Amino acid sequence: MFDDINKKIKDWDKFYILTDFDRTLTKGNSESSWGVLSKSNLIDKDYIETRGKLYEYYRPYEVDLTMDYNTKNRLMVEWWSNHIKLLVKYKFREEYIEKVIRDTKVLSFRKGVVEFFNNMHNNNVPIVIVSAGIGNFIDEFLKQNGIMYDNVYIISNFIKFVDGIAVGIEGNIIHSLNKNEECIPDSVKNIIKDIENVVVIGDGVDDVKMVDDEKRSDALKIGFLTDDTKDKRDEFLKVFDIVLDTNGNFDDIMKEIDIFKFN
Ligand SMILES: [Mg+2]
């Protein structure tokens with residue numbers, strides 16, 4: 001598998017990384033950046049209960065492959081909006097972010113992620129994280145692991161605070177269906193616009209939509225297959241150049257793919 005891949009990208013000079021966060025940089029069984037707060041005792045128990053009900057109601061729609069795009073899009077916006085309203089209702093405080101990440105320990109990186117970030121930083125490779133999760137938690141988790149470098153950009157839902165209390169989010173909601181090239185702000189587009197090649201990494205087939213249409217077929221696409229069913233694997237093999245299983249890690253990626261060796 002890797003021989004063919006290395007042939008495909010042998011002429012690559014410069015590239016950047018476009019990656020999902022939840023269960024791509026974190027392990028396949030890690031809590032998500034939305035779920036992390038529910039594992040903390042800082043927030044009201046009613047928040048946890050109501051959040052669970054929202055999940056039970058909306059999650060089946062999210063994974064329903066037969067539902068039309070517009071209906072599903074409307075439901076996803078509704079889900080994210082309702083969850084954000086809960087953060088406001090239960091007065092989520094800015095000071096919780098650091099404590100939640102430090103104390104719950106329910107986010108954990110796949111093996112080799114820290115080394116991968118160090119490596120990309122040392123070699124000036126931009127890493128753009130596009131996530132439908134909560135950016136504040138992602139940012140804090142990277143900081144606590146010492147890898148929130150200046151070549152790392154997080155495009156996600158950032159909770160907005162006034163006097164330290166949540167009032168909503170900054171900008172538009174990024175949810176599982178609209179997580180595509182249009183989410184990327186011009187400031188980040190300017191940084192990557194002259195870099196011809198891109199590595200896209202995700203744990204869902206829709207994650208490849210983070211890359212512009214015109215660049216998608218030439219991109220190197222790496223997918224982590226977390227719930228390995230035959231149907232899902234077939235779909236992954238169609239979309240990704242490299243399919244790693246739920247325990248796939250970044251040590252192997254760096255060991256096997258020539259462009260990451262930087263001699
Ligand atoms: Mg993910």
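Colleague: Which residue of β8 stands opposite Gly223?

Modeller: This is a predicted model. Strand β7 covers residues 220–224 and pairs with β8 in the parallel sense, over three bridges. The residue of β8 opposite Gly223 is Val243.

Colleague: What is the strand order of the open sheet of six strands?

Modeller: The pairing in this sheet is parallel. Its edge strands, each pairing on one side only, are β3 (152–157) and β8 (242–244). Neighbouring strands are turned by 15° against each other on average, direction ignored. The order is β3-β2-β1-β6-β7-β8.

Colleague: Which strands of the sheet does helix α6 touch?

Modeller: Helix α6 spans residues 135–144 and packs on the sheet. Its direction makes about 130° with that of β2 (127–134). The strands touched are β2 and β3.

Colleague: Is α4 parallel or oblique to α6?

Modeller: Helix α4 (residues 96–104) packs on α6 with the axes 9 Å apart, at an angle of about 60°. Roughly parallel would need an angle under 35 degrees, and roughly perpendicular one of 65 to 115. The angle therefore makes α4 oblique.

Colleague: Is the crossing of α4 and α6 left-handed or right-handed?

Modeller: From α4, Ile97, Glu98, Val100, Ile101 and Arg102 meet α6 at Asn136, Phe137, Glu140, Phe141 and Gln144. These contact residues divide into five nonpolar, two polar and three charged. As for its hand, the crossing is right-handed.

Colleague: Which residue just after α6 takes a positive phi?

Modeller: Helix α6 runs over residues 135–144. Just after this helix, phi is about 70° at one residue. That residue is Gly146.

Colleague: Why do α2 and α3 count as roughly antiparallel?

Modeller: Helix α2 covers residues 45–63 and helix α3 residues 69–89, and their axes lie 10 Å apart. Angles over 145 degrees count as roughly antiparallel. The two helices therefore qualify, and their packing angle is about 170°.

Colleague: How many residues in the contact of α2 with α3 are nonpolar?

Modeller: On α2, the contact residues include Tyr47, Leu54, Tyr58 and Tyr61. On α3, they include Leu75, Met76, Trp79 and Leu86. Three residues of the contact are polar and three are charged. The nonpolar count is eight.

Technical notes. Residues are numbered from 1 along each chain as its sequence is written. This is a predicted model: local features need pLDDT of at least 70, side-chain atom pairs count only at pLDDT 80 or more; totals for chains, interfaces and linings use all residues. Two strands pair if DSSP finds at least two bridges between them. Helices (H or I, at least four residues) and strands (E, at least two) are DSSP runs, numbered from the N terminus. Axes are lines fitted to C-alpha atoms, for helices over the stretch in contact, and angles run from 0 to 180 degrees between N-to-C directions. Two residues are in contact if their C-beta atoms, placed from the backbone, lie within 7 Å. Ala, Val, Leu, Ile, Met, Phe, Trp, Tyr, Cys and Pro count as nonpolar, Asp, Glu, Lys and Arg as charged, and the others, Gly among them, as polar. A crossing is left-handed if the near helix is turned anticlockwise from the far one by less than a right angle, and right-handed if clockwise.
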